[in-house]
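Here is a short report on one protein chain. Keep the model open while you read.

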Amino acid sequence: MPEHPDVASSYLTQTSAANTDPDLLEWFLAHGLCRVAVEGDVTGEIVEVIAPPVLLLGRGTHDVRACPSPDRLGYPEKHLAAMSLDDYHIFLLRYLTRAVEAGACQCFVCRQPVSNDEPAHPWDGIFIDKELVCWLIIHFDCKRGLAREFKGYHPFELAALPPVPYDVSRD
Ligand SMILES: [Zn+2]
């Protein structure tokens, strides 16, 4: 039996999928990184709703971003079609480094801004493949608090905004 129709959450999820580049969405599906739910839509019709992985650049609703497409951003190292998950992770670390340089990131645990400025407070981009598949930014020193802070995040309750097109042409 399908769950009770939840139009609001399926709308949120469709936003995330719509803001993910179609090729990237296919690639995520092929790599088993999307979550799929069966829901009723407005007309009562049963639809499959796909929740692709997202970026969590902080804790605000505007910090939830769709994942960027390396092809769309002109990433020179490798095309998406030739990428393994490790390759995509490497691409994303470059992307996240640009996001940190732009001052667009907060630590997922302590919620303080993440930067490369002195005094050094090193950070990492972490890939999480659980009920919610995502990449998030966290200080090295804050990793112990991650499991506690991550509770309650659900893939079908997030609406990811389009990714900011950072320059990933150089390391
Ligand atoms: Zn922190």
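## A loop residue with positive phi

R111 lies in the loop that links α3 to β5. The model is predicted. R111 is not a glycine, yet its phi is positive, about 65 degrees. Is R111 buried or exposed? R111 counts as exposed, because 12 other C-beta atoms lie within 10 Å and the cut-off for exposed is 12 or fewer.

## Confidence

The mean pLDDT of the protein chain is 90. A value of 70 or more is reached by 94% of its residues. Helix α3 (residues 85-101) has the highest confidence, with a mean of 97. Helix α1 (residues 7-18) has the lowest, with a mean of 75.

Treat residues 1-5 separately. Their pLDDT stays under 50. The model gives this stretch eight contacts beyond four places in sequence. Where pLDDT is low, the predicted coordinates should not be read in detail.

## Overall layout

The protein chain has four helices and six strands. What order do the elements follow from the N terminus? They run α-α-β-β-β-β-α-β-β-α.

The C-alpha trace spans about 55 × 35 × 20 Å along its principal axes. The radius of gyration is 16 Å, which agrees with the value near 16 Å for a compact globule of 171 residues. Buried residues account for 32% of the 171. Take the contacts between residues at least 6 apart in sequence: 65% of them join residues at least 24 apart.

Strand β6 covers residues 133-139. Six of its seven residues are buried, so the strand is largely enclosed by the rest of the structure.

β6 pairs with strand β3 (residues 54-56) in parallel, through three bridges. In this pairing, L55 stands opposite W135 of β6. β6 also pairs with strand β5 (residues 123-129), here in the antiparallel sense, over seven bridges. I126 stands opposite L136 of β6. β5 and β6 form a hairpin, with three residues between them.

β1 and β2 run antiparallel and are joined by six bridges. Which residue of β2 stands opposite E39? That residue is V47. The hairpin of β1 and β2 has five residues between the strands. There, G44 takes a positive phi near 90 degrees.

Which residues of α2 are buried? They are L24, L25, W27 and F28. These four cover an arc of only 160 degrees around the axis, which puts them on the same side of α2. P22 and A30 are exposed on the other side of α2.

G32 follows α2 and has a positive phi, near 70 degrees. L33 sits in the loop between α2 (22-30) and β1 (35-40). L33 is partly exposed, because 19 other C-beta atoms lie within 10 Å and a buried residue needs 20 or more. Leaving out residues up to four places away in sequence, L33 touches F28, P53 and V133. For a distance across the model, take L33 and R170. They are 137 residues apart along the chain, and their C-alpha atoms are separated by 27 Å.

## The nonpolar core

In soluble globular proteins, nonpolar side chains tend to be buried together. Here the largest nonpolar core has 37 residues. Those with the most contacts inside this core are V54, L56, C107, C134, I137 and I138. Helices and strands both contribute: α2, β2 (46-51), β3, β4 (64-66), α3 and β6 each supply at least two residues of the core.

What does V54 touch, not counting residues up to four places away in sequence? Its contacts are S16, V64, R65, A66, C67, C134, L158 and A160. C134 is also among the residues with the most contacts inside the core.

Technical notes: Residues are numbered from 1 along each chain as its sequence is written. This is a predicted model: local features need pLDDT of at least 70, side-chain atom pairs count only at pLDDT 80 or more; totals for chains, interfaces and linings use all residues. The radius of gyration is taken over C-alpha atoms; the globule rule is 2.2 Å times the number of residues to the power 0.38. Two residues are in contact if their C-beta atoms, placed from the backbone, lie within 7 Å. pLDDT is the predictor's confidence in each residue, from 0 to 100. Two strands pair if DSSP finds at least two bridges between them. The arc is that of the directions from the helix axis to the C-beta atoms. A nonpolar core is a set of buried Ala, Val, Leu, Ile, Met, Phe, Trp, Tyr and Cys residues joined through C-beta atoms within 7 Å.
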